[in-house]
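User: Hi! Could you take a close look at one part of this model for me and walk me through what sits around it?

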Amino acid sequence: MLDTVSRMDFRANAAARGLRTTRSFLVGLLVPAISNDVFSRIAEVLEEDLRHESVGLVIVSSGWDAGGER
């Protein structure tokens, strides 16, 4: 079977795996403004750490809107 997987150049699909396991392997980060140096650095370090764990990062900026953050 592994020979067939190799020959067919099979690559696992994370989205399909998530449907089966009910885990997305994603972490969400909500920041007030991604353009702010502090928040962009936090996102950069977090993304790097998560990548080593094969976890993706989704970043959303609220634009300093407290209502949007809720």
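Predicted model: local features only at pLDDT ≥ 70, side-chain atom pairs only at ≥ 80, totals over all residues.

Let's start with the helix itself. H3 covers residues 37–51. It has 15 residues and reaches 21 Å from its first C-alpha to its last, close to the 21 Å expected at 1.5 Å a residue. Its N-terminal end is capped by Asn36, where a side-chain oxygen lies 2.8 Å from the backbone nitrogen of Val38.

Next come the charged side chains. Side chains of opposite charge can pair when their charged atoms come close. A salt bridge is counted when a side-chain nitrogen of Lys or Arg lies within 4 Å of a carboxyl oxygen of Asp or Glu, and by this rule the count comes to 2. One joins Glu44 and Arg41, at 3.4 Å from N to O. These two residues both lie in H3, 3 residues apart, which is about one turn of the helix. Glu44 is partly exposed at 47% relative accessibility, and Arg41 is partly exposed as well, at 48%. The other salt bridge links Arg51 with Glu47, at 2.5 Å from N to O. Arg51 and Glu47 are 4 residues apart in H3, so about one helical turn separates them. Glu47 has a relative accessible area of 31%, which makes it partly exposed.

Now for the nonpolar side of the picture. In soluble globular proteins, nonpolar side chains tend to be buried together. The largest nonpolar core here has 6 residues: Leu29, Val31, Ala43, Leu50, Val55 and Leu57. Strand S1 (26–31) and H3 are the elements that give two or more residues to this core.

One last stop is a loop. Ser62 lies between strand S2 (56–61) and helix H4 (66–69). With a relative accessible area of 14%, Ser62 counts as buried because the cut-off is under 20%. Not counting residues up to four places away in sequence, Ser62 touches Leu30, Val31, Pro32 and Glu69. Val31, one of those contacts, is also a member of the largest nonpolar core.

Definitions and conventions:
Residues numbered from 1 in each chain as written. Heavy atoms only, no water. Buried < 20%, exposed > 50% of the residue type's maximum accessible area, 1.4 Å probe, protein only. Contact = heavy atoms within 4.5 Å. Expected span 1.5 Å × (residues − 1). Polar contact = N/O pair within 3.5 Å; in protein donor to acceptor, adjacent residues only side chain to side chain. Core = buried A, V, L, I, M, F, W, Y, C linked by side-chain atoms within 4.5 Å.
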